[in-house]
Amino acid sequence: MIKHVFLTGPPGVGKTTLVQKACEALVSSGVRVEGFYTEEVREGGRRVGFDVVTVTGERGRLSRIRDVSALSHGRREYTVGQYVVDLPSFESVALPLFRNVGSGGGGDRKVFVIDEIGKMELFSQSFIRSVRQILESSPCTVLGTIPIPKGKPLGLVEEVRGRRDVKVFTVSKENRSSLLQDILSALQDCLKQS
């Protein structure tokens with residue numbers, strides 16, 4: 001029995017865009033949507049980092065390109081490639097969403113968005129625990145994104161990919177414009193079962 005839907009695919013293929021379109025369609029059909037997206041931050045046409053943005057529009061810094069003038073002054077620094085992860089900022093925006101997921105009424109027609117479960121987010125042990133808990137015991141359906149396997153496997157990502165109650169769609173440049181209806185159908189099936 002499928003309870004959650006995840007999208008995977010290479011960076012920049014359109015996973016977040018598909019998640020956002022699915023959420024718009026769900027909201028217009030009366031489904032409550034909560035959670036967060038990861039958005040690129042660009043300056044002068046160049047990507048300088050990522051922000052975490054809640055469905056309601058609250059924004060926090062996830063990462064920025066390392067700025068040598070702003071050294072960490074002895075704090076533990078988490079990096080992915082050229083990006084320095086701002087763990088306190090990410091956790092202050094994302095973690096309260098998980099704590100509030102069971103509250104607020106609205107029946108059982110709720111989708112919780114986790115975009116994404118990736119290297120940057122996985123520096124947070126609290127985030128990992130929250131994701132496991134929501135997949136195991138939450139009454140809502142999760143719509144999320146995970147990276148394609150590359151290099152060393154990411155524990156939680158592989159855990160999600162291997163779950164029997166998760167349907168994974170692989171997004172490519174060829175199928176991304178035709179995939180939305182399949183994603184929505186899978187989500188509607190999940191919501192009927194919850």
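The largest pocket has a volume of about 940 Å³. A pocket here is an open set of points on a 1 Å grid over the protein atoms alone, with protein on both sides within 12 Å along at least five of seven lines, and lining residues have an atom within 4 Å of a point. Grid points are joined across faces, edges and corners, and the volume is the space filled by probe spheres set on the points. The model is a predicted one, so to speak of local features takes a pLDDT of at least 70, side-chain atom pairs count only at pLDDT 80 or more, and totals for chains, interfaces and linings use all residues. Residues are numbered from 1 along each chain as its sequence is written, and side-chain values use heavy atoms, with hydrogens and water left out.Who lines this pocket? There are 35 lining residues, and Pro11, Gly12, Lys15, Phe50 and Glu116 lie nearest the centre. Helix 1 (15-28), strand 2 (32-43), strand 3 (46-54), strand 8 (141-147) and helix 4 (155-162) each give two or more residues to the lining. Helices (H or I, at least four residues) and strands (E, at least two) are DSSP runs, numbered from the N terminus. Sorted by class, the lining has 13 nonpolar, 10 polar and 12 charged residues. Ala, Val, Leu, Ile, Met, Phe, Trp, Tyr, Cys and Pro count as nonpolar, Asp, Glu, Lys and Arg as charged, and the others, Gly among them, as polar. Glu116 sits in the loop between strand 7 (110-114) and helix 3, and the peptide bond leading from Asp115 to Glu116 is cis, with omega near 20°.

Now for the helices. Helix 1 and helix 5 (residues 180-193) have axes that come within 10 Å and cross at roughly 55°. Axes are lines fitted to C-alpha atoms, for helices over the stretch in contact, and angles run from 0 to 180 degrees between N-to-C directions. Helix 1 and helix 5 are therefore oblique to each other; angles under 35 degrees count as roughly parallel, over 145 as roughly antiparallel, 65 to 115 as roughly perpendicular and the rest as oblique. On the helix 1 side, Leu18, Lys21, Ala22, Ala25 and Leu26 meet Leu180, Ile183, Leu184, Leu187, Gln188 and Leu191 of helix 5, where contact means heavy atoms within 4.5 Å. This contact of helix 1 with helix 5 has 9 nonpolar, 1 polar and 1 charged residues.

Helix 3 (residues 125-137) has two partners to look at here, helix 2 and helix 4. Helix 2 (residues 87-99) packs on helix 3 at an angle of about 20°, with the axes 10 Å apart, and the two are therefore roughly parallel. Phe90, Glu91, Leu95 and Phe98 of helix 2 make the contact with Ser126, Phe127, Ser130, Val131 and Ile134 of helix 3, giving 6 nonpolar, 2 polar and 1 charged residues. With helix 4, helix 3 packs at about 10°, and the axes are 11 Å apart. That makes helix 3 roughly parallel to helix 4. Here Ile128, Val131, Arg132 and Leu135 of helix 3 meet Leu156, Glu159 and Val160 of helix 4, a set with 5 nonpolar, no polar and 2 charged residues.

Notes
Residues numbered from 1 in each chain as written. Heavy atoms only, no water. 1 Å grid on protein atoms, 1.4 Å probe; cavity = no way out; pocket = protein on both sides within 12 Å on 5 of 7 lines; lining within 4 Å.
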